[in-house]
Amino acid sequence: MSNAFRPSRPVKYRAVTRQNVKRTREWTLIPRDLRKAIEIVSLVLPFRTNEYVMRDLIDWSNLPDDPIFQLTFPQRGMLEPESYDRIAGLMRGGAPKDEMDAAVSGIRLGLNPHPAGQMTHNVPTLDGRPLKGVQHKYDQTVLFFPSRGQTCHAYCTFCFRWPQFVGMDDMTFAGKEIGPLVEYLKRNPQISDVIFTGGDPMIMRTQVFREYVEPLLTSGLDSLRTIRIGTKAIGYWPQRFVSDADADDLLRTFERIIRARKNVAIMGHFSHPVELSTPVAREAIRRIRSTGANVYMQSPVIRHVNDSSDTWAKLWRRGVKLGCIPYYMFVERNTGARNYFEVPLARVWKIFQGAYQQVSGVGRTVRGPSMSAFPGKVHILGITEIDRRPAFMLEYLQCRDGRLARTPFFAKFDPEITWFNDLEPLRESDRPFFLEPDSETNPNVDSLAS
Ligand SMILES: *Cc1c(COP(=O)(O)O)cnc(C)c1O
Ligand code: SF4
């Protein structure tokens, strides 16, 4: 295409972290108190951004409110005041390393590092042995965590994978080889989708990605229909698809998957419309779509970043115009710096409704707000009244007990509640929907589903 965007020269990816941020020219544009907060909070929670995010997405005249600054730079409010003061005090006093380390890990452990039974409940087995780097929670879909895809081009401040970025999680849990997954897929033909996730699997070099993909195409897995890639690279490093040395090879790999008669779905994580505003991001989407792959859009609602209907409407409109498909709006998970980022369910639902009403039918493919909770993806359908009591109307879009999907149920309304765990059944008949982590075989469910 003659009018396609071409960068004047390939730009090399360079991470900006706690170690080198002070050498960037933007550092001096950050007011002193915000700089101090970055230094303190980044000792506890992971911090990583890059020059593209800093130069092309952040408006430095709009600090601290700029949404991408909030999304990638640590903020004072992310720690409880006591924790913040504790670390600040230790830093000021030049505390010895082991004292600082102990304080840091104490604070991290208080931040609910493992929500929704991630590590313990969804790991499948093959001949009695746990399958590394795979989670199988919903019948048709498995998540695959390739060992080389467990970092990102920048870290979102709210990210629920923060424990792995600070080395709290032992990443031997990630998949080094694809062989056991192929075998598992052969034995479980109900699985139609493999989702490459991370971190961000698009951090892998194309050659590495290709080594993971090829066995999925050449092992006679007729039941595998869709290869999905969960990625934020279009937002944080679109050069991955445009000008990186192996960008073209990556697109050829997508084409190769499609020639092997599988669908390629790029599950793009987009937090804010500014991520779709740069010529290179638009070119990334155009190039991905030119291979026959589809680009879907999903993200949580995050206070200080995208907690307004207009922001979401703009994001979906911009995405649709570029050929993306709005898919999920999530509720921010109950981990990490949630006190700073969370939005009450009642408000998230209002944000969703207000945005939905502003887009046409092709943007209304989006579903939400949805909570990825222990039992499944809980869809907030609305706020209503049952027997003259205010109630949340809910349903499962996905459930570890597949028979519960798409049956409405109700919870007591409370305008402050921010997560599924705090909801209570409205009536006795709603109780079976509140699956508990320790009672996976819930006898009530059987009666309900039959
Ligand atoms: C969201 C999610 C999926 C994918 O669900 P879809 O509704 O098919 O997009 C798969 N596994 C887990 C654990 C998930 O949270
Ligand atoms: S891109 Fe995704 S995995 Fe990476 S930090 Fe952001 S939310 Fe977390």
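Q: How do the residues lining the largest pocket divide into nonpolar, polar and charged?
A: In this predicted model, the lining has 22 nonpolar, 14 polar and nine charged residues. Ala, Val, Leu, Ile, Met, Phe, Trp, Tyr, Cys and Pro count as nonpolar; Asp, Glu, Lys and Arg count as charged; the others, Gly among them, count as polar.

Q: Which residues lie nearest the centre of the largest pocket?
A: Phe160, Arg161, Gln298, Phe330 and Arg333 do, out of 45 lining residues. The space is about 1100 Å³. A volume is the space filled by probe spheres set on the points, with grid points joined across faces, edges and corners.

Q: Which strand supplies the largest share of that lining?
A: β11 does, with four residues. Strands that each supply at least two include β5 (134-138), β10 (294-301) and β14 (389-399). Strands (E, at least two residues) and helices (H or I, at least four) are DSSP runs, numbered from the N terminus.

Q: What volume does the second largest pocket have?
A: About 380 Å³. Among its 13 lining residues, Arg129, Pro130, Leu131, Lys132 and Pro180 are closest to its centre. The lining has seven nonpolar, one polar and five charged residues.

Q: How many cavities of 30 Å³ or more are found?
A: Two, in the whole structure.

Q: How are two packed helices described?
A: By the angle between their axes and the distance between the axes. Here α1 (residues 32-41) and α4 (residues 81-92) pack at about 90°, axes 10 Å apart. They are therefore roughly perpendicular (65 to 115 degrees). Axes are lines fitted to C-alpha atoms over the stretch in contact, and angles run from 0 to 180 degrees between N-to-C directions.

Q: Which residues of α1 and α4 meet?
A: Lys36, Ala37, Glu39, Ile40 and Val41 in α1 meet Tyr84, Ile87, Ala88 and Met91 in α4. Contact means heavy atoms within 4.5 Å. These residues divide into seven nonpolar, no polar and two charged.

Q: Which conventions apply to numbering and confidence?
A: Residues are numbered from 1 along each chain as its sequence is written, and chains are lettered from A and ligands numbered from 1 in the order in which they are written. Local features need pLDDT of at least 70, side-chain atom pairs count only at pLDDT 80 or more, and totals for chains, interfaces and linings use all residues, while side-chain values use heavy atoms, with hydrogens and water left out.

Definitions and conventions
On a 1 Å grid over the protein atoms alone, a cavity is a set of points where a 1.4 Å probe fits but cannot get out, and a pocket is an open set with protein on both sides within 12 Å along at least five of seven lines; lining residues have an atom within 4 Å of a point. Angles under 35 degrees count as roughly parallel, over 145 as roughly antiparallel, 65 to 115 as roughly perpendicular and the rest as oblique.
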